[in-house]
Amino acid sequence: MRKGILALALCWWASSAMAVGNIDVLARTCNNCHGLNGVSAGTTMPSIGGLPRGYLSKIMKEWKYDKRVAATMNRIVKGLSDDEIDALATYFARKPWVPVPQKTSAATYAKGKATITENCEDCHGATGNDPDEGAPRINGQWAEYMALELEKYREEEFLMPHRKMKKTVRKLKESEVYPVSEYYGAQNQ
Amino acid sequence: MTQAFDRRAFIKAIAGASSASILTIPSAHAAKTKARVVVVGGGYGGATAAKYLRVMDPGIEVTLIERETLYTSCPLSNEVISGERDIKTLQVGYKGLLKRGVNVVHDEVVNIDPAKKIVATAGGKSFDYDALILSPGVDFNFGTVEGYNEQLAQTKLHHAWKAGPQTLLLKKQLEAMPDGGTFIIAVPKGPFRCPPGPYERAAQVAMYCKHHGKAKSKVLILDSNDSFSKKPLFEQAWKELYGYGQGGMIEWVAAANDGTLKRVDAEKMMCFTDFGEYKGDVINIIPPHHAGKVAKNLGLATFKNLWCEVKPENMESKSQKDIYVIGDACVGGELATNNGFPKSAHMAMSQAKVVVASLVAKFNGLPPPEPIYTNTCYSVVAHDWGFSVVHLYRVDNGQWVYIKNGSGISPVTLGTKEAPKPVPRMYRKLEAEYADGWLRNVMSDAFL
Ligand SMILES: Cc1cc2nc3c(=O)[nH]c(=O)nc-3n(C[C@H](O)[C@H](O)[C@H](O)COP(=O)(O)OP(=O)(O)OC[C@H]3O[C@@H](n4cnc5c(N)ncnc54)[C@H](O)[C@@H]3O)c2cc1C
């Protein structure tokens, strides 16, 4: 009896260790574009380590099932199972969020701050570190990546499912897109 | 009595010595060495393997042997030719790997003894290994085009298919080309390093001409193949941006239309196919290539005597135990269906990570992890126009399986087949921007 349970436990341990091992192998392929531990070194690619599990998994499934536009990621996730996507989300959610230090000018920063106070703070918080309404952290996310993301929201025909985000961002002037991105990008903590 | 005393003293002395030496051994070395891995070639494949071995298990001793002290990335080097990018942004040294605890040796490997498991270098050093990872990239065969040789590649008819001095020389030739001149790119029969590379280069050269007062010039692609990677995307972009085909700036001659370069006259700057002859102002011959010599000379290039065959589950050579071949030097994927592994930096890194996972499991007595291979390759045809191809392979029953629904190119059109709609320019702009983000991430993920 006891032996049976032990064998079962060992089996379970072995198979879950296998599963963990496997997701590590898959997750390391993401590092090519998102960096070791999901901390991106490229200004146009997002850091993903430390974002909430639910957010990561939701976004990837929206891509997989054609409910959200992407230039590259939608094709990458199509070959993954929903379970793999969930496991990847768990893997990256467990990593720490590392804001990247970024520079901006005082004038741009001030312009960005004024714009976000009026339009974005309710959901993203004053520094992007304390989001609400299911928004991800954006403090110290790469500004260039965020500006490109905002451009996606601004294209009318691009399918970006969050209605309020889309409405808010489409209200911005073109000249405000970079300042708001640089403002949140410069929140290095 | 004396004996007992002596023994105690002896034991004490040993204890003292060993605790002292433990204190002086740097902490990274304190862990017992589980295994010694030697990596040959510090390009994208080798650097990634060396780094990840150390990241995943500091108990593994890793020696990386690389000829050069500075690596120049081929990816995005076509942008150097067109003046869009400074070559310095493509260069990286080996300090990052040293910091990870990799023993970096700058030397050339000249001999490998698989029976004794020893690697020997031109500098007279030798290294024992438990596992050997070869990522030597490619070497060229200059003999297939009559009138062409290695010397000419260095002095006049540059290939620039290894980024570095030739990339800058080709750039100079383009700058010196008169308006109305012809830039010839000769493509070898596949598989070659970077399947979309020659066609990206054609676009970058055309872009340079368009923006630098040479709009009457031509880019002529003489191809030894009948199709190429991301063809509909390239043709669409060429047409829209530079003019393509008769009267356009870019012209492509397929092998079926007598595109195969047979002979070159470097003196007269003439290219000859079976029936055609073309005068070039710049002639960029990409010679056919094969697995790097160090792997080929060892007899590992069992695929058509060109490329190294490896096992799908862990990239171990099919002909030598404990030797793993990754990167451009290997062949893999579904070869029978023409869905072989593309020879790309992204793929080389993916393969490196599979080997590392497999070796770390092996040296720790764990079951082998399931491998997975991914590729993404961006091409940049103008500063605001890029696109990509994605590949996914899994291993099933010891065979590579190309996962079709996890692979594919950027959309050529949107809408339906019956009512296609053009792809908004924003898509192309995004992927041109992402290409730069990709480059910085791969360089960092491999070398830092
Ligand atoms: C123009 C161009 C554009 C490209 N664009 C892209 C792109 O956009 N995306 C992409 O993913 N790929 C691209 N590639 C392909 C990419 O460069 C290769 O696939 C990649 O470099 C392969 O990595 P590797 O480790 O196999 O070989 P390499 O990167 O060539 O590294 C091999 C290393 O081994 C060393 N070496 C060889 N023999 C020895 C020896 N005996 N002893 C010591 N050292 C040795 C060499 O010095 C070299 O540093 C491009 C290639 C070209 C030419």
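In the predicted model, K162(B) and D139(B) form a salt bridge in which the closest N and O atoms lie 3.4 Å apart. This pair belongs to chain B, for which the domain assignment gives domain 1, comprising 7-139 together with 290-447, and domain 2, comprising 152-287. Between domain 1 of chain B and domain 2 of chain B the count is two salt bridges, and 15 residue pairs are found in polar contact across this interface, both residues being at pLDDT 80 or more. On the side of domain 1 of chain B that touches domain 2 of chain B, at least two residues each are supplied by α4 (78-81), β10 (138-140), β24 and β25 of chain B. The largest share of that side, six residues, is contributed by β24(B).

The centres of the two domains of chain B, taken over C-alpha atoms, are separated by 30 Å. Their contact draws 36 residues from domain 1 of chain B and 32 residues from domain 2 of chain B. About 3000 Å² is buried between these domains, with carbon and sulfur atoms accounting for 65%. Within domain 1 of chain B, the most area is lost to domain 2 of chain B by N78(B), I81(B) and V381(B), which together give 23% of what that side buries.

Chain B also makes an interface with chain A, in which 43 residues of chain B and 36 residues of chain A take part. The area buried between the two chains is about 3300 Å², and 61% of this area comes from carbon and sulfur atoms. M426(B), Y434(B) and N441(B) provide 19% of the area that chain B buries against chain A, more than any other three residues.

Two salt bridges are counted between chain B and chain A. One salt bridge joins R394(B) to E84(A), with 2.8 Å between the closest N and O atoms. The elements of chain B that give two or more residues to the side touching chain A are α3 (44-56), α11 (345-363), β24 (372-382), β25 (385-396), β27 (408-409) and α12 (425-447). Of these, α12(B) supplies the largest share, 14 residues. By class, the side of chain B that touches chain A consists of 21 nonpolar, 12 polar and 10 charged residues.

Technical notes. Residues are numbered from 1 along each chain as its sequence is written. Chains are lettered from A and ligands numbered from 1 in the order in which they are written. This is a predicted model: local features need pLDDT of at least 70, side-chain atom pairs count only at pLDDT 80 or more; totals for chains, interfaces and linings use all residues. Side-chain values use heavy atoms; hydrogens and water are left out. Contact means heavy atoms within 4.5 Å. Buried area is the accessible area (1.4 Å probe) that two parts lose on being put together, summed over both. A salt bridge is a side-chain nitrogen of Lys or Arg within 4 Å of a carboxyl oxygen of Asp or Glu. Helices (H or I, at least four residues) and strands (E, at least two) are DSSP runs, numbered from the N terminus. Ala, Val, Leu, Ile, Met, Phe, Trp, Tyr, Cys and Pro count as nonpolar, Asp, Glu, Lys and Arg as charged, and the others, Gly among them, as polar. Domain bounds come from an automatic or database domain assignment. A polar contact is a pair of N or O atoms within 3.5 Å; within protein, one must be able to donate a hydrogen and the other to accept it, and residues adjacent in sequence count only if both atoms are side-chain atoms.
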